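Visitor: I'm new to reading structures, and I'd like to know where the labels come from. Could you walk me through this one?

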Amino acid sequence: MSGQELGLAVSVFLACAVEAVEALTIVLAVGTTRSWSSALSGCLAAVLGLVAVTAILGPGLTSLPLDTLRLVVGGLLLVFGLQWLRKAILRGAGIKALHDEDEIFREQAAAARAAGSPHEGFDGYSFVIAFKGVLLEGLEVVFIALTFGANQHRIGLAAASAAAAVLVVAGIGVALRHPLARAPENAMKFGVGVMLTSFGIFWGAEGAGASWPGGDAALLVIIPTVLVFSLALTRFFRVDAIEGRAAAA
Amino acid sequence: MSRIRQALLGVWEFVVGDDWVTAAGVVVALALTALVAERDSAWFVLPVAVAILLTASIWREARKRAAR
């Protein structure tokens, strides 16, 4: 496996794991309070929808000329990567509250109870909430997997990484029957943001006609640089650090 | 709101997120890279642009929080 393929596998696995943790919370909330069979049916329908989106968009992306593909993929990865990195830095710095899976679980469960008694047999509420949760959380992963996979013509590897992450998170969730509140979600988001932004910089520049000194080896400089820069931003913008500087001024 | 408008709004929110300035900055940075690449080495344009865009985006949010 080449360095770029390893980057693809790790990025897609982490991105999918983060989104799967969030989707698991929603499915667990409706499953435990209303109907497991309807929640799991909604989950399955959403996964089939995501597979269909991948099957439809994948061949279209891979048929683009290489430079156009790299420009499009680089641009999308940069936009997505900067969104992930921005949120992770804001949470790491204390500017934005951390994602609290236990709190989200309580809110979702309360909403599910407030929606009235579940229907005997098929429960539409559980189906729709689980379907929406999995589909919305999964769409971003599909785009990340497709853009990464299409550029290296390894959509199969990207899909396998995503499936592995779903299996790991679902397996732990089924075993615990509890939201994965202790998963280091922000650290994982930070890692995904660094990888997406780094590959976005690399492929975006190549797609726009630039050549990297050292070719593919430039990634070995870009990834650590983005990581160190992002950690420095988190430290600089830490709420207590800002307040300390304001007090000293 | 028509379904088409709702769908377009959904795509916008999905791709651009809550910071359209950064997304627009990425497009400008890619265009600038292509322009510079026609005459000279252009690999440095995107890393510099990303550093500026990310810092500015965090700074805007930190300032909003400080104002609250």
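Guide: One term to begin with: a helix here is a DSSP run of H or I with at least four residues, numbered from the N terminus. Keep in mind that this is a predicted model. With that term in hand, A:I26 sits in helix α1 of chain A, which covers residues 3-33.

Visitor: Why is A:I26 called buried?

Guide: The cut-off is 20 or more other C-beta atoms within 10 Å. A:I26 has 25 of them within 10 Å, so it counts as buried.

Visitor: Which residues does A:I26 touch, not counting those up to four places away in sequence?

Guide: They are A:Q108, A:I129, A:A130 and A:G133. One of these, A:A130, turns up again in the largest nonpolar core: of its 86 residues, A:V12, A:C16, A:V27, A:A130 and A:A145 touch the most other members. The largest share of that core, 17 residues, comes from α1(A).

Visitor: What is A:V12 in contact with, leaving aside neighbours within four places in sequence?

Guide: Its partners are A:I144, A:A145, A:F148, A:A158, A:S161 and A:A162.

Visitor: What makes α1(A) roughly antiparallel to α2(A)?

Guide: Look at the axes: those of α1(A) and α2(A), residues 36-62, come within 7 Å and cross at roughly 155°. Angles over 145 degrees count as roughly antiparallel, so this pair gets that name. On the α1(A) side, A:V27, A:V30 and A:G31 make the contact, and on the α2(A) side A:W36, A:A39 and A:C43 do.

Visitor: Now for chain B. How many helices and strands are there?

Guide: Chain B has 3 helices and 0 strands, in the pattern α-α-α along the sequence.

Visitor: How do you know whether chain B is spread out or compact?

Guide: For 68 residues the globule rule gives 11 Å, but the radius of gyration of chain B is 16 Å, well over that, so chain B is more spread out than a compact globule. Its C-alpha atoms fill a box of roughly 50 × 35 × 10 Å along the principal axes, and 25% of its 68 residues are buried.

Visitor: How do you know what α3(B) should span?

Guide: Helix α3 of chain B has 23 residues, 45-67, and at 1.5 Å a residue it should span 33 Å; the end C-alpha atoms are 33 Å apart, so the two agree.

Visitor: What do the buried residues of α3(B) pack against?

Guide: Those residues, including B:V45, B:L53 and B:E61, pack against α3, α7 and α8 of chain A together with α2 of chain B.

Note on methods
Residues are numbered from 1 along each chain as its sequence is written. Chains are lettered from A and ligands numbered from 1 in the order in which they are written. This is a predicted model: local features need pLDDT of at least 70, side-chain atom pairs count only at pLDDT 80 or more; totals for chains, interfaces and linings use all residues. Helices (H or I, at least four residues) and strands (E, at least two) are DSSP runs, numbered from the N terminus. A residue is buried if 20 or more other C-beta atoms lie within 10 Å of its own, exposed if 12 or fewer, and partly exposed in between; C-beta atoms are placed from the backbone. Two residues are in contact if their C-beta atoms, placed from the backbone, lie within 7 Å. A nonpolar core is a set of buried Ala, Val, Leu, Ile, Met, Phe, Trp, Tyr and Cys residues joined through C-beta atoms within 7 Å. The expected span of a helix is 1.5 Å times one less than its number of residues. The radius of gyration is taken over C-alpha atoms; the globule rule is 2.2 Å times the number of residues to the power 0.38. Axes are lines fitted to C-alpha atoms, for helices over the stretch in contact, and angles run from 0 to 180 degrees between N-to-C directions. Angles under 35 degrees count as roughly parallel, over 145 as roughly antiparallel, 65 to 115 as roughly perpendicular and the rest as oblique.
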